[in-house]
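Student: Can you walk me through this one? I'd like to go piece by piece.
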Amino acid sequence: MAQDLDSSAGVSPPNSAATLLTPVVVDLPHHSGLGGALSYRHTGPLPAGTLVQVPLGRREVLGIVWDAPREAADTVEPEACKPVGAVLDLPPLSDHWRALVSFAADYYRRGLGELALSVLPPELRKATPAALARRSARLARAPSPGPVAPSALPPLTPEQSAVLQDLVGLTAVQRPGDEQTASAGRPRRGAAPTPVLLHGVTGSGKTEVYLRLAQEALAQGRQVLVMVPEINLTPQLEARLRERFACHTLVTLHSGLTPAQRVNHWLQAHLGQADLLLGTRLSVMASLPRLGLIVVDEEHDPSYKQQEGARYSARDLAVYRAHLEGLPVILGSATPSLESWRHAQQGRYRLLRMPSRVGDGALPQVDLVDLNLQPRSVVSGAGGSLLSTALVAAVQERIDRGEQSLLLLNRRGYAPVLHCGACGWKSECPHCSAWRVFHKVDRSLRCHHCGAGERVPRACPACGNLDLSAIGRGTERLEEQLLPLLRGRDGGPPRLLRIDADTTRRAGSLQSQLAQVHEGDVEVLVGTQMVAKGHDFRRITLVAAVNPDGALFSSDFRAPERLFALLMQAAGRAGRDAQQAARSRMLVQTAFPTHPLVQALRQHDYEAFAASQLQEREAVGLPPYSHLAVLRVEARSIEAAQAFMAEAGAAAQATLQLLQAQQFLSAGELTLYPAVPAPMARVADLERWQMLLESASRPALQALLRQWSPQLLALREHHRAVVRWALDVDPLSL
Ligand code: ADP
Ligand code: ZN
Ligand code: ZN
């Protein structure tokens, strides 16, 4: 296949026998899983990993020399190849880096060049060698902050000491030929240390453990990669890292950076000028030549999984990268993913626990409000406020004491649907299988899936009835209903603040809203899951889950795991100040108070929850007891989606039989499920279908995917009404 593509590079003049053919990967416009590097002519060898500009069709594009060059076999061959253009004056990307990218491309079934180029900063593709040289020179001259006297470190808690004792020598430099003293946590030469799963409740001081390990790695002249799910939600971690390591250079990598910042930070990491890299999932593939430690904070968080393009799990790739480079990796969470938890139980990860909060901080007591016992005004399906007397009283009590409350409702907008009582009309989205959400602030109906919006109609579009009613509630309505029920500490109206995707659209608005909370300008905070994560709120002593029941009975098998993590996180926002911990509460309003999830939450018992979930998963053969891949298709009509799926399914079936005949797979080792409409069956006028593959054996599943994905690519050529298709390996949602 590489040969075919080579010839498309065009014909160039003949050249001397000393010409070398240099394999270069470029971003080909397929997500094909097609192997290859293209061959370009160059006199003299270019080291693998060198960044070059090469002609592709009529364009000059950025490419990466992928392998050692080979001598042209005959005089004809080099003529078919174009010459390498400019060679960028940067150190080559390492063998490890290329191995990581190759693995990811193969495992997640994407084109090697597509993936390799997509994880480089976009500016790098545009940069001319001259501009790049100027940029690198400027970065090199950037003044490095002078050494700062290390401020006194806080004494460690007994749990932190125990964990760090256990990890002594974890970050010791592995240099071939060095004397190696034997100590716990230290690997045999050449072997990667066992990944560490740090299970510590919120506020147990996990961050201090990361900081101490980072300090050790930095002292050895190594770089440290710290990964977080979303940087904007955790500005405090960045601040703590900067403060602790003031004499080191820290850079960040995340999607909120400007293109110029992104390329500068990337270059600083690649050139070894940055000692610490704090980043979101894309940072897992940053070039870090002196890398010595990887930390993955909140390892369970779904945002580590990329949801488009190459659908990689940055958490899993971090573990793979550590293995590849022989480095320590530490995964931290108060509610580990069930995948990681099971690895720990099997001994593949080392489990370390920090079960108590720093100082005297207790976890908040969890009280349940049984919605079955509430009056109709609270729970009636359509119009109920969902504000129980107990909830309102608890919030008022906080206000009177000068403390804060956080009300969590995972739905933004005013009401999820507008309804006509006369004819039954509902605010359906014409483009999606979803309701359009009623937003009262700007009197709009907006679809949260395709974005389509319009002004709220004055009357029912179907029958003209003037009396339309809002059904259910979102954060906007919760805020509105709460307002008259409470009084502020100064006797006036309570100071409420709502934080959700609607209130934080403008750059910087989230930061300023969080600042209001921290400064105590807010008495009651209403928000979506956005506010449940990470924030170190000091004055919140009440956290209420207003209506979490939906996720208990979701069709998504991971919904309970996600809900539990969210509620444990949210509980962790209360009583972070030790002096207030004793009177901190979490209130959970539920119609299912005896549900095992709710019971485990009451006890703050992650392990009980994990055990019950794992039991359920094992009984039905779901991850982590099996491995999944999903083929997702979006087409202009149901018929088109079905036609593609029928052929794709037949191809998978034929491949499966072939692999069985060749004894790569045994019968029954892999299950192909029939294609079905996706849970959101239509978005933006596209029909969405999916087909599930499941196997207890990862290699079996990979073997099938490897053969199947080129077939899908070929198939797509005959199905023009299929707009998009993608394989999702280890999908997070079905
Ligand atoms: P986690 O990441 O486990 O939720 P943090 O690392 O944020 O917990 O720690 C919770 C709080 O305890 C933070 O305010 C932190 O500054 C404080 N803390 C952590 N370790 C110590 C310690 N050894 N002594 C005093 N305070 C500590
Ligand atoms: Zn009507
Ligand atoms: Zn829509």
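Student: How many bridges join β7 to strand β9, and which way do they run?
Tutor: This is a predicted model, so keep that in mind. Four bridges join β7 to β9 (residues 276–279), and the two strands run parallel.

Student: Who stands opposite Val224 in β9?
Tutor: Leu276 does.

Student: What about β10, how many bridges there?
Tutor: Five bridges link β7 with β10 (residues 291–296), again parallel. In β10, Val224 has Leu293 as its bridge partner.

Student: Is β7 itself enclosed or open?
Tutor: Largely enclosed by the rest of the structure, because five of its five residues (223–227) are buried.

Student: Which side chains point which way?
Tutor: Gln223, Leu225 and Met227 point one way from β7. Val224 and Val226 point the other way. All of them are buried.

Student: New topic. What coordinates the zinc ion (ligand 3)?
Tutor: Four cysteines, through their SG atoms: Cys429, Cys432, Cys447 and Cys450, at 2.3 Å. Along the chain, the donors follow the spacing C-x2-C-x14-C-x2-C.

Student: Where do Cys432 and Cys447 sit?
Tutor: Cys432 is in the loop between β15 (417–420) and β16 (437–439). Cys447 is in the loop between β17 (444–446) and β18 (453–455). They are 15 residues apart, so the pair links distant parts of the chain.

Student: Are those two buried or exposed?
Tutor: Both Cys432 and Cys447 are buried.

Student: And why is the zinc ion (ligand 3) arrangement called tetrahedral?
Tutor: Because the four donor atoms subtend angles of 107 to 113 degrees around the zinc ion. The ideal for four tetrahedral donors is 109.5 degrees.

Definitions and conventions:
Residues are numbered from 1 along each chain as its sequence is written. Chains are lettered from A and ligands numbered from 1 in the order in which they are written. This is a predicted model: local features need pLDDT of at least 70, side-chain atom pairs count only at pLDDT 80 or more; totals for chains, interfaces and linings use all residues. Side-chain values use heavy atoms; hydrogens and water are left out. Donors are N, O and S atoms within 2.8 Å of the metal (3.2 Å for Na, K and Ca); water is not among the atoms, so sites may look incomplete. Four donors count as tetrahedral if all angles lie between 85 and 135 degrees; four count as square planar and six as octahedral if opposite donors are over 155 degrees apart and all others between 65 and 115; anything else is irregular. Buried means under 20% relative accessible area, exposed over 50%, partly exposed in between (1.4 Å probe, protein chains only). Two strands pair if DSSP finds at least two bridges between them.
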